[in-house]
Amino acid sequence: MASKVAIVAVAQIKHDDCLGENIREISYEVSKDILNQVGMKREELGTIISSSSDFWEGISCSNSVYYEAIGANLKDSSKAAEDGASGFVYAVMRIMSGHFDNALVHAVTKSSEIPSLSALTNLYADPFFQRPVCLEDISTAAMQAMLYMNKYKITEEQAAKVVVKNLGNALNNPYAHKRGKIGVEEVLKSDVMAYPIKALDVATYSDGICAMLLASEERAKKMTDNPVWVKGMSWGVDHQFLGDRDLLNGKLKGVAKKAYDMAGITRPVEEIDAAEICEPYSFQELLWYEQLGFCGDGEGGKLIDSGTTAMGGRLPVNPSGGVLAHNPYVARGLIRIAEAALQVMGKAEKRQVPDVKTALAHSTHGFAGQHHSVIILGK
Amino acid sequence: MGRAVAVIGFGQTKHGRREDVNYQELVYEAVKAALEDAGISPGDIEAIIYGSMPSAMEGINAAHLYLSDAMAAFGKPLMRVATCGSTGMSVAHSAFYHVASGSFDIVMAVGSEKMFENDPQGTMETVADPWFQRAFISGAPGVFTMQGNQYSHRYNLPEDRVREAAARISVNHHDNALDNPYAHIRVKITIEDVLKSRIIAYPTRLMDVCPSSDGAAALIFASEEKAKNFPKKPAWVKGLCYCGDEHFFGDSDKVVWESAIIPAERAYKMAGIQNPRKELDVAEIYNPFTYQELIFYECFGFCDRGEACKLVEEGVVLRGGELPCDPSGGVLCTNPIGATGLIRVGEAALQVTGRAGDRQIPGAKMALSHAMGGVDQFNGIMILGSEL
């Protein structure tokens, strides 16, 4: 990183399947929460970057409707669409440029107000070849899962263990939408959505929001004695057509390597203390383990079996419950970063992993992980 | 403040009804032109920023993913930035910060729209909130006409005078577009033609209104260190700012329009400009509606409040005047919306580097580019100069 940027405050709300407040109200709530946490007035905000999506909001120019509710009126601002992690990295770059000493980042999705995941992600597909055969999020993920199972003998039980772990972790997270103590059998017996993916392997569809205040080194030190520094960040995109892609060897490896290089990490499992990764499908968490370098190719199943990624393991993954526990689509990436930041701050309460010095956050959007972002945070 | 950033390449498509290419091919046409203009290959691009109108306009969710290969983005950092009509400007700003931050040395900003394949007014209707405003202020002409009428009434200006000034802007821009080989609408028109064209929303007439276009644009931004090594003269980013105001149309003043005034003031301050009319040599204003352009002249400090008609009558803002606006023909003659703001920046870059061909304003050294978006909610400015 050319200059230091810190996360000084994060805010989210209890995620739910249908929140009673509208987008303006929840946006105001988290922004106000941030300002209260650091004792700042709206006038002192430097720049504001929000993330939302026109289709995931049902309103075109999606940032216009909540614009002044987040405190952006007449502030220098922008929107990095579709993924809260994009909004985060954009805000970090704005501070690094020296033009602003603080930035408010915001991301929101109210799934209860929009069509289904399948309907909206069918619109990711090109209109001519892939859309008419009904490719969408779940069916493309299922193809990826089949490839994964066939190539590396990953089992449905191993994928189910991710669900058991994450929903169990979510019991400790007061913001999680979905949580519970369930068994592997329950996951395996849930309805098949697109084989081998079953209902409980699929992330829930949530209303949710997250906001975060970033600051330059100088400003951060005045605002908090517990800043979380951005040590590395990287993002990248894969081909659009599914047939053009190697679904088991996408862009995440390269993205992670760049972020690790920036942060000086050479042995991720030893050097990272907690990870919040974006796993819309249980088996993807296993695949992302491999691509994030937590284990070798084809060893994601063994890693979950070993307990390494469970709470109490060497590298707990998704102490918050991850996306399986709360999935407001565009906000989920920013929530991963916020949860990783809370871990480094030591403020993750019941879901705190002891003594976290370095944490990783990951986000993805698009079919079967077409776009990935990796952010490394540290003390 | 931060690292200096320059525009080192600009490419745009021939705009218009482009049934000869599909969406990817259209975008690639602009990308290829920009790479050729800068004399670099796709491998030199470190990151890409893409924007278009709201997804309903593309009929594609997250069009950056769909168009990733057309932008040679495979494996690269890609970000979708989208702020409605002002998208192109927001994309340019994001590209600026990618480089100014020190994270990247050479990045590409891309904007596109293929409007003949979709329903522009239908899409714009969904920008207004669904409960209160959508039923009556949706779509572009109604909103911008209300704003124009508000302007005339505020200063008690005779209707004929404002109409005539708007018509002169239209004629001037259409004349300018004849010098721009990329422009969509290239016809010679007269003031009489404008005044007699059919009413779209009173008093706005057909020739006061921009077309819908297919088109794309790509700009290459580079750090000072890299830009200085390029054979072509770079256009330096001297100032920038982007602001929005309240979402509900009635909540803010659209005549003394703060979300246009404040970004201009901040950008001028960064660029060290005290008297914009004297110190700017050319401006590329986002002007889908002639009446709105009059308001922008005042918001950007080219004249005092209520004096915009005089600026047109005296020819100050017309070709050959003291501060010619939209020598490219502007949005009034070419409007592939997601690309439109980016084209303004690109045209400004061509002007300050003396590469604008037949539409060149002689000796231009400092140029303002602007874009507007939302239901009259957002404005962004980027000022480009010939010297660092």
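Predicted model: local features only at pLDDT ≥ 70, side-chain atom pairs only at ≥ 80, totals over all residues.
Q: Then which way do the residues of strand 3 of chain A point, and are they buried or exposed?

A: In strand 3 of chain A, residues 76-79, A:D76 and A:S78 point one way, while A:S77 and A:K79 point the other way. All of them are buried.

Q: Why the two directions?

A: Side chains in a regular strand alternate between the two faces of the sheet.

Q: How many bridges join strand 2 of chain A to strand 3, and are the two parallel or antiparallel?

A: Strand 2 of chain A (residues 47-51) is joined to strand 3 of chain A by four bridges, and the two run parallel. Within that pairing, A:I49 has A:S78 as its bridge partner.

Q: Stepping back, how many helices and strands are there in chain A?

A: Chain A has 14 helices and 11 strands. Its C-alpha trace spans about 55 × 45 × 40 Å along the principal axes, and 65% of its 379 residues count as buried.

Q: Now helix 11 of chain A. How many of its residues are buried?

A: For helix 11 of chain A (residues 282-291), 10 of its 10 residues are buried. Among them are A:F283, A:W288 and A:Y289, together with A:E285 and A:E290.

Q: What covers them?

A: The cover over the buried residues of helix 11 of chain A includes helix 5, helix 6, helix 9, helix 12, helix 13 and strand 10 of chain A. After the helix comes A:G293, with a positive phi near 80°.

Q: Helix 6 of chain A, then: how many of its residues are buried, and what covers them?

A: In helix 6 of chain A, 12 of its 15 residues are buried, including A:K161, A:V163 and A:L167. What covers these buried residues includes helix 7, helix 11, helix 12 and helix 13 of chain A. From first C-alpha to last, helix 6 of chain A reaches 21 Å, close to the 21 Å expected.

Q: Last one: why is strand 11 of chain B largely enclosed?

A: Strand 11 of chain B (residues 378-385) is largely enclosed by the rest of the structure because eight of its eight residues are buried.

Q: Which strands are joined to strand 11 of chain B?

A: Strand 8 of chain B is joined to strand 11 of chain B by eight bridges, running antiparallel, with B:C241 opposite B:I381. Strand 10 of chain B is also joined to strand 11 of chain B by eight bridges, again antiparallel, and B:A367 stands opposite B:L384. In the hairpin of strand 10 and strand 11 of chain B, four residues lie between the strands, and B:G374 takes a positive phi near 75°.

Definitions and conventions:
Residues numbered from 1 in each chain as written. Chains lettered and ligands numbered in written order. Buried ≥ 20, exposed ≤ 12 C-beta atoms within 10 Å, placed from the backbone. Contact = placed C-beta atoms within 7 Å. Pairing = 2+ DSSP bridges. Expected span 1.5 Å × (residues − 1).
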